[in-house]
Structures are given as structure tokens and as C-alpha cells.
Amino acid sequence: MNDISVIIGGKAGDGINSAGAIIAQLINHLGYSLYLYFDYPSLIRGGHNYAIIRGTDRPESPGTHALDTGFLLALDQATVDQHAGRQQDPAAIIFNADLVRSAGQGVPVKTILQELQAPEIMGNSALIGGFAKAAGIGWDVVEGVFRSHIPKAADTNLRVARRAYDLLKTVKAIPQGNNPPRPLVTGNEAIGLGLVQGGLDAYVSYPMTPSSGVLHFLAAEKDRFGITVLHPENEIAVILMALGFAAAGKKAAVGTSGGGFCLMTEGLSLAGMAEVPVVIVMSQRTGPSTGLPTYTGQADLRFVIHAGQGEFPRFIVAPGNAEEAVVWSARAMDLAWRCQVPAFILADKTLSEGTYSMPFPGDPGLPGAISGWDGDGEYRRYAITPGGVSPLAAVGTKGAVVKVNSYAHDEDGITTEEAGTVLGMAGKRTAKEESLRRELARYEQVRVSGSRDSSTALLVWGSPAGACTLAGEALGLRVVRPVVLWPFPGDALRAALGGVNRVIAVEENQTGQFADLAAANGIAVSDRILKYDGRPFVPDELVGRITEVLR
Amino acid sequence: MTGRELITGAKNTWCPGCGNFTIQHTLKNILALREKEGTSLDDIVLVSGIGCHAKIADYLNISSFYALHGRTIPVATGIKLANPDLTVICCCGDGDCYAEGLDHLVFAAKRNLDITVIVHDNRVYGLTTGQYTPTSPLGFRGRSTPSGTPESPFNPLELMLAAGATFIARGYTRKMPQLEAMIRAGIAHRGFAFLDVLQICASFFPATDYYSQRIYDLAGHDRADFSQACDRIREWDYSGDAKIALGVFYEKDAPVFSPGSANNPRSPGQRAAAVLDFLKTRV
């Protein structure tokens, strides 16, 4: 396997994320699938930011980064100080010679910009040009990427890059990979694309890292997709507006992180009781409370499963990469409306803000149109049906009095406290969980990778998928990953674990939340490898920790 | 649907003498008139919060969303933006939308959302059996403030004027013809229409005498004049002994909130093509 890894680092405000995106495109066009991890503190200016781009010549995105790097691009001294120790070849350090002292090759950024009368913000193009030469990337590739991905002043940027390209030496040429160039998207963009494929009409969200990328993406592209995007006063309004959209016949989704979701729980329970569909994008960061806003975690699984007073069915899916995020976000939209339940897309910072190579998506494989009210007789919003799902009519439907109600209600939606009706309606709502399971049966709910016949399995969910797959391959272990987390996919999980006698849970939380859930469902977990410092697992580290457990 | 019963079969559980009966009857009259004028009642949606006022969602036989305490307005916002052809009426309580959900009220006014908000302002929590609300007078003895609330009320009309509401009125349930005319005007107003409707709570704040002695109709008032509206609104501070004006204090034309293109229908095929077009920009 050909693996390459590039770090670019600088101060917050240096444009590390956009420079990282250009480097990612260069690697994409060299025939590598990739993952870009962006590490930044919660501030606007100053502080140390870096992006790590990991490329592989396998078809799928690695979904994880590496600590040992092949190339280091330093816009500030901190980059060299923090990362040069993991640098395989000091000559492959490319740095801004005006600001940084280091071994390797310096780029005289200020001189280049002055000579070409280019503005200061084009300094990154000089570093990128220097990197391209050091990595033996053909000038035609650089020119193509700049023209496609730097919308403004591509010519001047190219002149700046060319000057550095001509000044530096090739240290080690990255061999051409096997993949065609693929779309590069963040997990948040992938979620947005899936929601659109699933029929989204409106996205409502209050900004909160790491979910804000969905809001920014859909707001920027709302006309392309024909959707409404709203940023209201708070998360309480967010979810209630979404329920208003749904009651009036439009499909809405909301997005937030843990703290914002706390404010949504009242509305979530309303969605459960009133049977108003909604999709909730819940992207986790390190908690509790404000926690580490720009770092990752998987500590909100239990919260999402149990959030909201009372008991009602819900759907929770945890995509492991961008490709799954597209497909399952579309399915979440469909399932929410088909079964009239809240549907969660449980993400985290690693997925949301990481950039992945992704194939062009095909048909998400959704079943046929959802049948609504047939217009016969008097409409009853909560009519009892065998599967618990009542025909849905929007307020404003001709000939229908549609009564949506947060109180215990009868089939017409009129408030009741009559014990028999209360029981009947509770049973009707519960029946929808079985309907949900039936709908889910058409999908692969648990993924298996690594050594499929190993009797030792890593049990993982969500974004650590990539790191676990590589670690599992390195150690010859089976990797079992539920994508659907709720309703708990017990049968599919037991089947995926067939022949396994040792289960090692790998989670980015302090207790092993999914491991507890598995244990409660009769799946014994012998070991737990947990990480909760806000940084995602990387394969090398994981291999070390698994080896320790297996010793 | 035409010729429908306007009241459902649900058992009415308001206390005898409750001001809510008047508001329900007024809305029923308005519905009947609209039907007579040829407007379909299927195009009207009522959103209520939680509290005595909110039972009106069970009683009026039109489409409704019986929401949460304080959360009428965000639900109404979603409904209105999803289907701008609907007439959306919020029935809220004073505890409901001045306390629990004040943020939503201020923001709907700021946005000039085209809905009508009717606040059943009995100046006490009824359903939770008698606590002070944001419009209870200073010193109000409720079950959570047995020695009298030390908080002065706020003036909701003044607050709405500052927030940007484009139709501001005050009614009283014992002045039903005036109330009916004002609600009709509020519904006809293009933009955010706010009506604070004073009503007594027969069980916990029976203030009929207080109101009878003070109310008068706004006359010779220029509702387009912001400063004049402000002065008249501030005559009575919901606590003291001043006269209480009833009528429309302020009305102005302004662009209504209309943020998007949810009504731009796209087939699944067009959606898929748009997704692919976007992804091509990322290669």
C-alpha cells in the first residue's frame, strides 16, 4: 500500500484549511484517495492550526490520518517545533524562510511576493508550489488544481507558486496512484448532500461547532438545491420550526452539537408524542458542557438514545465516512417520514470537519413514495393502523381538519386523559418501532472489515471506522461496525460477530457506551479501548493499544 | 370543507365566566364570516401553546397544532414559511409567550413574520393554579409570591413596538365587537400582527371592576405615527392606576419575512442531478 502524509501548519488566520484543501486536491489528482484532518483551537486569530492529509492508493478514503509524516509545510515556527519530531526525512520540511528556522528547504515568501507584486494572502501559494516541487508533482497538475480550485486570481497565484517551484529541489517524488480523481467533501457537506437526496425542503440550525458546516454548506447552495435555510434565535426555535415545516407538509432537518441538542430535547419529545417527523444532525464534540468545542468525542450516544421525556421510538444512524453520510442521511430523511419518528444522524468532529475522497453517489435505494391520506371520509391524524403509522396529511390539506397535539390525544388529535385511549395510543406509537425495523431490514446495518474470519473482533461505531479498519488489517482482526445504532441491531450484530470469542470495544468516550449497550443485549465485550482527550484514534496508536490488550 | 361545525365535540373545561369563551366565540364568528365570504377554512391554522388559553385548539374545529408552553411562535413560523398561503393564528397565554417563550415573540416581531398573535392576557397562570406572570401588577399575591411579587410587570405593547412589530393592538374580552374587528384587521394585516387581549381569570384574577373603571377606546389616534403610538402605549404600565386604552396603537407596511425557496419543487431526479453537479466542482 502506498501511503503518503502531509502536514501543513501555521497560525489561526493563516488560511491553513484552504491551503490544506489545495494540497488535498494535488494528492487527489496524483491518484490517491485521502482524508484530511483539520486540528484547530477554538479561536479566530493566533494559536496553532494544522491540517494532516493522508493519501492512499486504495479506492476508499482512509478516513484517518497518520502521526508520522512524509512532508511538513511550516508557515510558523510552532509547526516545526511540534511536528518535526515525527518527520521521516528532514529534507522534506518546506518552510517560510522569513518566519521559520528549520532544516529542510526554505521558501523566500516575502521576496517572491514583492517581486511579483502579489498580496500577502498569496504566501500560501508559494509554500504549495515549493511542496509540489519537493514531492515531484508535475507542473501541469499544479496548474490544473489551481485553475479549478482557486476561483480568484489563479494567474497571480500560479506565478507565485511557480517561482517557489523553480527554486526548490525534488526530495522524494510521490509515485502516481491508481485512482481517478474523486470529489473531496467534508462529512458535513456529505450529510447535507444526503439530506437533499432524501427530499429535504428546509434546513434549520443555530451555529454550533462541529455541526455548523452543514448550515454553511446548505445556506451557500440553497438555490442550487431549491431549499430554505434558516438560522433562528436558538435551538428551541430550531426544532419547533422544523416541526412546523413538517406539519405543513415540508421535510425539514435540524443540526447541532451536544449543548444545542440539550435545548432541543423538549421539542424532540413533542415530535415523539405528536408523531411529527424530523431529522436531527447531532455532531458530537468533547464534553461535558462547553468542553472542547473544536475537538472530537463519542460521549453523547446514551444521551441521544434516551433524550426527551416519555417513551417513543426513534432512529439513530452513525455514518463512518462521507460516502455513508450521504447514503444514510438520505435514508434517515426517508425513514423519519415513512415511520413518522425522529431520525438522528449521529456524527462527530472527525467526520463533520474531516475531508474525504468519495465516489459519485448512486441512487440511495429508497423504497417507493410514502403513501399519505387518501381523502376519504373524515381525516383522523392519529388513526390506529396495524403498523402504528397513521396516514399523514399536512395542515392546509383540502377537506382535512388536521389536529396535531402534544397532549395525550385520541385518534382525532383531541386531548384526552381516558386511560384506555392513552394505552391504545402508547401502543400505536410503540408499534412504529417494529415498522422501523421492517423498513431497515432492506439495508446493511452492520459493516464488517479487516480479517473477516478472525475470532477476535474490534467493535467500533462512527468515525473511528477508518483507524480501526487499518489497525484491524495490520493485526489480522475482524472489525465489526454497526452503522444503525437504534433500534439496536441485535440480530445483525450477532451475525457479524459469528465465530468471535473475544470482542474489543474501541470508542472515543470514557465508559464504552456502545459496549454497555451491546452487553445489555447479550453481547459480551471483554476489553475496552477508550480515548477521550478530544483527539481521534490514529492507526499506529491503536495498533499499540490493541497489542497491549492482546498481550 | 364548507358548512362544517365550527366547534368540536370536545368537552369544554374553562371555568364559568372565563374570558377565553369570548375569544373562542370571536374566532368562531370570524371563521363563520370567512366561510360566508367564500374563503376555505382549510386554509386557516391555529397554533396554541400550553395553558388554559390553549384548549381552544381542542375546541375550534379547524386544523391546529397544540404545541408546547411558550412555543407557539416557532411552530407557526415553520408552518407559515412552509406554506405562505395559509392564514396562521397563534393563540398564546401571557405566561406562555411573555415568560417561557419571550425570545420567539421578540424575534417574530423583528422578522415581521406574516402571522397573527393573540395573547390571552389574564395576567396570571391559571392552569398551574395562580402564580404571577410578566404582566401581573407589582405586589401581586400568587402562590409562588405569597407576600406579593417584588417585580414590576413589563408592558408587552411597548416591547413589541421596540422589537419591530408592524401591527400592535390591545383588546378586552368584555368589548367583543371591537375585539372581533381588531382580530380581523390583524389577520388582514400583511406582517406581524400582535394583539394583547385583556381578560379576567375567574378563579385567580377576577379583575372585572378594575378594567371596567379604566378602559376607553383610542380615538383621534394616528396609528402610523410611531412616537404617538409609543406615548399612548406607555399611558398604562400594567400596574398603576392609569386609564387603559383599547384599539390599534400602531400599524405600518414593511416587507414580510420570506427567506427561501422551499416552494421550489424539485423531483428526485433533479435533486440527484444537482448533487452530482455540486460534486463535480469538488474534483
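How far apart do the C-alpha centres of domain 1 of chain A and domain 3 of chain A lie? They lie 34 Å apart. Before I go on, a word on what you are looking at: this is a predicted model, where local features need pLDDT of at least 70, side-chain atom pairs count only at pLDDT 80 or more, and totals for chains, interfaces and linings use all residues. Residues are numbered from 1 along each chain as its sequence is written, while chains are lettered from A and ligands numbered from 1 in the order in which they are written.

Back to the domains. Chain A is split into domain 1 (3-167), domain 2 (184-357) and domain 3 (446-550), with bounds from an automatic or database domain assignment. For the classes, Ala, Val, Leu, Ile, Met, Phe, Trp, Tyr, Cys and Pro count as nonpolar, Asp, Glu, Lys and Arg as charged, and the others, Gly among them, as polar.

Now a helix pair in chain A. Helices (H or I, at least four residues) and strands (E, at least two) are DSSP runs, numbered from the N terminus. Helix α1 (residues 16-29) and helix α4 (residues 123-134) of chain A pack at about 25°, their axes 10 Å apart; axes are lines fitted to C-alpha atoms, for helices over the stretch in contact, and angles run from 0 to 180 degrees between N-to-C directions. The two are therefore roughly parallel, a label for angles under 35 degrees, with over 145 being roughly antiparallel, 65 to 115 roughly perpendicular and the rest oblique. From α1(A), A:A19, A:I22, A:I23 and A:L26 meet A:N124, A:I128, A:F131 and A:A132 of α4(A). By class, that contact has 7 nonpolar, 1 polar and no charged residues.

Most residues other than glycine have a negative phi, and most peptide bonds are trans. In chain A, the bond from A:G287 to A:P288 is cis, with omega near -5°, and A:P288 sits in the loop between β11 (278-284) and α12 (301-306). Another cis bond joins A:W486 and A:P487, with omega about 0°. Over in chain B, B:Y238 is not a glycine, yet has a positive phi of about 70°. Is B:Y238 buried or exposed? B:Y238 is buried, with 23 other C-beta atoms within 10 Å; the cut-offs are 20 or more for buried, 12 or fewer for exposed, and partly exposed in between, using C-beta atoms placed from the backbone.

Last stop, where the chains meet. The contact takes 44 residues from chain B and 54 residues from chain A. On the chain B side, α3(B) gives the most, with 8 residues. That side divides into 25 nonpolar, 11 polar and 8 charged residues.

B:Y66 counts as buried, with 27 C-beta neighbours inside 10 Å. Leaving aside neighbours within four places in sequence, B:Y66 is in contact with residues including A:V404, A:N405, A:S406 and A:Y407 from chain A, and B:S48 from chain B.

That's my tour; happy to take your questions.

How values were computed
Contact = placed C-beta atoms within 7 Å.
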